[in-house]
Amino acid sequence: MVSERAKNLIESDYTKFFGRFIDDSVAKDKMYDLSVGNINRIKIVNDVLQSTLKNVMKKTSLLTKYPGTQGYKPLNEKICNLIKIETGKDVNPEEILLTNGGVDGIYNIAYSFCNPNDYCYYALPSFPYWSITDKAEVRSSVVVYNNPFRYKETFGTVFRQKVEKNDKIKMVILNEPHNPIGASINRDQVKIINEVCNENNILCVLDEVYRSFKINKDWIGNHVDNNILLDSFSKRFGMPGLRLGFIHAPEKEIEYLRPSFANQAVGVNMFSLLLANEVLENAFKLNLVQKVSDEIKERQKNLDKHMKKLKKYDVISEQPDGGMYRLMLLNKVKENTGLNATDICERLKQNNVKTVPGNKLFIYNSNPNKIPEIIRLSVGGDERTDEAGELIIKTFEEIYAEV
Ligand SMILES: Cc1ncc(COP(=O)(O)O)c(C=O)c1O
């Protein structure tokens, strides 16, 4: 009885990445959680949520109504303010569409700007974009990096080559700093992407969920003409559980994006909207975005102290250009020890460090012999990155002692 299209989603089921149920029972003090991209254990975030919840309770009458199909005007207005502060761009509330997380935003963009069997181009390893594009019946055109740190130097050049061979590429995703590579793309490569997009009428989706964690403040949007901006409360405010994302696009395009979202969900959960509205009210007063970003930077710094020592074990791990991830490239370690990335993840877990094995960051039909051995670390979920870093070093010491 199940439809073919539902069956087709089994391979790209997000459950493979996020897990079926939230695991609240993880022994927090024992396990160092450097795995899924949660933003967690930041005191000011919890303080803001506690105090804003009280204000939400004063507006419960709004929960007795359906939400708007595009958003909640006071919140859309505040998001415009946020975009203005961060990018300098003037935006009006009609140009903002609120979505169920950034993920839902990408889905609606793919659904609205691509036809079935068109292609979307992105780099691998990456956030599992294939789960989203599969649902929109859009195919993936990918560049698989055997050395992911080369992304910043070649992503645009490869894009040009792909577009020359495939006229069904209708969308490219630029994520900066890139999850999981941690790099911002070189500006000469962005120039190529912009030219190719303009010449071939391809949409550039700026996946900006990590914008507030960037070290290099040059905003990529200033270099790309035909773009749509995708953003979220998940990372910048440390609230992935809110499932609130937003799209900025010209009003004439929002007109098409709106029904693709509204016809499925009517609007975003009103409770999330009310809470987010209060959060933003406070965020401006308390400089919340900066404080979350400072905490992430501090965690990265503490981890980096240890990661530097990994060279001696032939682990390649470049310092990220902001963001919350750290990538370990282990091709050489596999040659030296016979252990692949999944084995090493397991060894890290035995030493109480939870990480994401690289095979989760490649599309399901990737040839296992062609993908690099990588592990992704996230500093979002645990503040104890100094201790976790020590345990990572200890794990490599142990592995090499056995060779
Ligand atoms: C690159 C990238 N884009 C989009 C998302 C989706 O974010 P959201 O939690 O808002 O759905 C994530 C989540 O980790 C991500 O890493």
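Predicted model: local features only at pLDDT ≥ 70, side-chain atom pairs only at ≥ 80, totals over all residues.
1. A quick word on terms before the details: a residue is called buried under 20% relative accessible area, exposed over 50%, and partly exposed in between, using a 1.4 Å probe and protein chains only.

2. Residues are numbered from 1 along each chain as its sequence is written, and side-chain values use heavy atoms, with hydrogens and water left out.

3. On to the ligand. The shell around it has 14 residues, and G102, D207, Y210, S232 and S234 come nearest (a residue is near if one of its heavy atoms lies within 4 Å of the molecule). The shell divides into five nonpolar, six polar and three charged residues.

4. Helices here are DSSP runs of H or I with at least four residues, strands are runs of E with at least two, and both are numbered from the N terminus.

5. Now the polar contacts, meaning pairs of N or O atoms within 3.5 Å; within protein, one must be able to donate a hydrogen and the other to accept it, and residues adjacent in sequence count only if both atoms are side-chain atoms. A polar side-chain atom of Y210 sits 2.5 Å from a ligand oxygen, and one of K235 is 2.8 Å from a ligand oxygen. V103 uses a polar backbone atom instead, 3.0 Å from an oxygen of the ligand. How much of the ligand does the protein cover? The answer is 96% of the 390 Å² of accessible area that the ligand has on its own, by the Shrake-Rupley method with a 1.4 Å probe; for residues, only the protein chains shown count as cover.

6. Salt bridges come to 29 over the whole structure, each being a side-chain nitrogen of Lys or Arg within 4 Å of a carboxyl oxygen of Asp or Glu. In helix α3 (residues 43-57), K43 and D47 are four residues apart, about one turn, and their side chains pair at 2.7 Å, N to O. D47 is partly exposed at 38%.

7. Helix α1 (residues 4-8) holds another pair, K7 and E4, three residues apart, with N to O at 3.3 Å. K7 is partly exposed at 45%, while E4 is exposed at 52%.

8. E94 and K73 also form a salt bridge, with the closest N and O atoms 3.8 Å apart. This pair links distant parts of the chain, 21 residues apart: E94 is in the loop between α4 (73-87) and β2 (96-99), and K73 is in helix α4. There is a network too, joining E86, E208, R211, D231 and R236.

9. Last, the cysteines. With a disulfide taken as a pair of cysteine sulfur atoms within 2.5 Å, the count is zero. C197 is buried at 1% relative accessibility, and C80 is buried at 6%.

How values were computed:
Nonpolar A, V, L, I, M, F, W, Y, C, P; charged D, E, K, R; others polar.
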